[in-house]
Amino acid sequence: MEGTGSRSDNPSSVVADWSLVFWTLCAVILPVLITLWCSFQRSRRQVLIRDIFRKSKHDWHYTDLFSQPSYCCVCAQHILQGAFCNCCGLRVSEGCLKKADQLFHCKEIMMGSNGGAHSSMPHHWIRGNVPLCSCCMMCKQQCGTQPKLCDYRCVWCQCTVHDECMLDCLKTEECTFGEFRDLIIPPYYLSTINQMRKDKRTNYENVVPYCRKHWMPIIILANTRSGNNMGETLLGEFKILLNPVQVFDLSDITPAKALQLCTLLPCNAVRVLVCGGDGTVGWVLDAIDEMKIKGQERYIPQVAILPLGTGNDLSNTLGWGAGYAGEVPVEQILRNVMEADGIKLDRWKVQVTNKGYYNLRKPKVFTMNNYFSIGPDALMALNFHSHREKTPSLFSSRIINKAVYFFYGTKDCLVQECKDLNKKVELELDGERIELPSLEGIIVLNIGYWGGGCRLWEGMGDEPYPLARHDDGLLEVVGVHGSFHCAQIQVKLANPVRLGQAHTVRLILKSSKMPMQVDGEPWAQGPCTVTITHKTHALMLYHSGEQTDDEASSMSEQDHLREQTDEDV
């Protein structure tokens with residue numbers, strides 16, 4: 001008892017206990033305080049950076065890690081993180097942002113006219129961070145090989161030159177705008193056109209490069225929310241190569257407003273590159289139809305596609321591929337657009353009239369570019385759409401999207417929610433009633449591809465069939481026996497039930513509620529009448545690049561059928 005009391009009254013043990021408590025609290029509280037302080041400093045720094053970005057004429061973006069060795073254009077120090085301009089390509093450290101704004105000018109989208117019209121402009125040189133494998137325009141040797149801020153690049157023509165090769169004459173030499181001169185809208189052109197509109201003059205034909213024969217200015221419309229979220233990166237890369245005024249983010253501006261730029265450009269010469277999925281392409285084509293209604297038909301552009309969506313069937317049909325994941329440089333994409341051939345695409349009016357409400361409710365009206373369907377594939381699209389609406393953050397990858405489609409397709413194989421469709425609907429092709437076999441789904445096709453890359457109308461390709469085209473004013477109508485049958489068709493193990501071709505399709509849903517879709521936009525529909533008629537043509541661009549084996553065999557079969565038809569005639 002005495003020993004215990006003496007230990008508790010010992011001052012040294014009390015000090016030791018309190019010391020333990022103190023250091024324990026320090027070990028817990030100090031990291032928390034440091035974390036809070038760092039978070040506060042970081043948020044404060046971000047506010048200051050955003051303020052600089054907002055006031056700057058540069059299109060600054062911040063990155064925590066540059067994708068290639070980079071040097072600050074102000075202090076010339078090697079940097080791992082910092083800000084870069086999406087338009088001119090400047091790269092600076094965080095501490096040099098304000099100074100960079102004062103020292104360097106960004107790309108001018110319009111040049112001041114100073115009372116006169118320009119027809120040329122000098123190079124706009126930026127020092128350092130030149131593209132890898134670029135060559136000097138003077139000595140033809142590789143640039144950017146030294147581990148420091150060195151060499152120059154013109155932000156318009158993308159020419160590079162060594163520090164020692166940079167002559168005074170190059171600083172005042174006229175810029176030719178390089179390889180993509182026929183796609184770029186020069187700054188002096190816009191300022192001249194703007195002045196002419198103020199003077200109420202419309203003789204744009206005399207303005208350079210309006211009068212140049214091969215000038216085909218391009219407009220980039222990118223949907224940053226499509227598919228695998230590559231739109232943001234593409235916007236920056238296109239702004240580097242073109243005039244930033246030609247590049248639009250569809251999350252900030254509608255296609256209808258962006259396409260008004262066409263009215264300042266030569267008639268029937270503008271090309272539009274839509275970076276997005278088939279839904280984005282349909283959005284742009286609807287805006288072009290509005291231009292026709294406004295009487296701006298002579299300014300209608302031709303449309304090319306860079307597929308960023310999930311299915312991309314329209315893009316596949318027009319030769320632009322089944323999906324883009326950054327494997328092709330943007331320079332090659334622009335070359336493909338320049339070399340593409342113009343074709344026409346049928347667009348169709350889909351009118352859905354609810355049964356029993358002919359005089360009370362307006363019918364639903366859609367515009368169809370790809371296909372209309374009722375049955376299992378529409379059910380998969382509807383389930384996918386409702387799931388994506390609840391948790392959109394999960395659907396940022398093309399692979400995840402296709403996996404979800406696969407899950408719902410497998411589920412429908414077991415449940416068969418759309419069975420006995422042939423007893424619930426009536427089908428008319430050009431006014432003629434079609435006797436339906438036992439089916440779960442009906443698909444009306446305008447294009448060659450369906451379901452993310454399947455040539456549905458051809459099937460296995462072992463049977464003769466009428467040719468399917470996207471510009472002949474005809475629709476192909478097929479039936480499927482279920483989700484499993486759809487999967488068999490996609491891997492060429494089965495043929496669809498070909499019901500026929502027609503200029504007008506009429507489908508009557510007599511009873512129950514069934515899933516329907518138009519170009520991937522699904523909904524649940526009760527008893528109704530669906531009428532599909534031709535609406536208009538869209539001017540598209542076809543890229544005749546490398547063909548796959550399936551495409552080559554399909555084309556050879558179609559050519560063989562054409563020869564047989566010609567012989568019969």
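These notebook entries record what I looked up in the predicted model of this protein chain.

**Entry 1. Ground rules**

I number residues from 1 along each chain as its sequence is written, and I use heavy atoms for side-chain values, leaving out hydrogens and water. Since the model is predicted, local features need pLDDT of at least 70 and side-chain atom pairs count only at pLDDT 80 or more, while totals for chains, interfaces and linings use all residues.

**Entry 2. Confidence**

I began with pLDDT, the predictor's confidence in each residue, from 0 to 100. The protein chain averages 84, and 86% of the residues score at least 70. I then noted that residues 551–569 have a pLDDT below 50, with 18 contacts in the model beyond near neighbours in sequence; contact means heavy atoms within 4.5 Å. Residues 1–7 stay under 50 as well, and the model has one contact for them beyond four places in sequence. Among the elements, helix 14 (residues 549–568) has the lowest mean pLDDT, 45, and strand 9 (residues 218–222) has the highest, 96. Where pLDDT is low, the predicted coordinates should not be read in detail.

**Entry 3. The chain as a whole**

I counted elements as DSSP runs numbered from the N terminus: helices (H or I, at least four residues) and strands (E, at least two). The protein chain has 14 helices and 24 strands. Of its 569 residues, 47% count as buried; buried means under 20% relative accessible area, exposed over 50%, and partly exposed in between (1.4 Å probe, protein chains only). Among contacts between residues at least 6 apart in sequence, 69% join residues at least 24 apart. The chain exposes about 29,000 Å² (Shrake-Rupley method, 1.4 Å probe), and carbon and sulfur atoms supply 55% of this area.

I asked which residues cover each face of strand 9. Ile218, Ile220 and Ala222 lie on one side, with Ile219 and Leu221 on the other, and all are buried. Five of the five residues of strand 9 are buried, so the strand is largely enclosed by the rest of the structure. I took two strands as paired if DSSP finds at least two bridges between them. Strand 9 runs parallel to strand 11, joined by five bridges, and isoleucine 218 stands opposite arginine 271 there. Strand 9 also runs parallel to strand 10 (residues 247–249), through three bridges, with isoleucine 220 opposite valine 247.

**Entry 4. Nonpolar cores**

A nonpolar core is a set of buried Ala, Val, Leu, Ile, Met, Phe, Trp, Tyr and Cys residues joined through side-chain atoms within 4.5 Å. The largest has 100 residues, and Phe238 and Leu273 have the most contacts inside it. Helix 8 (residues 278–293) gives the largest share of this core, six residues. Apart from it lies another core, of 32 residues, among them Leu436, Val497, Leu507 and Met516. Leaving aside neighbours within four places in sequence, I found leucine 273 in contact with residues including Ile218, Ile220, Phe238, Leu306 and Val337.

Strand 6 pairs with strand 7 (residues 152–154) over three bridges, and tryptophan 125 has cysteine 154 as its bridge partner. In the loop between strand 6 and strand 7 I located cysteine 133, whose phi is positive, near 65°. Cysteine 133 is exposed, at a relative accessible area of 65%.

**Entry 5. Further positive phi values**

Most residues other than glycine have a negative phi. I noted asparagine 268, with a positive phi of about 55°, in the loop between helix 7 (255–258) and strand 11 (271–276). At 58% relative accessibility, asparagine 268 counts as exposed. Lysine 200, which follows helix 5, has a positive phi near 60°.

Is serine 315 buried or exposed? Serine 315, in helix 9 (residues 313–317), is buried, with a relative accessible area of 0%. Beyond its neighbours within four places in sequence, serine 315 is in contact with Asp278, Ile305, Pro307, Trp320 and Gly321.
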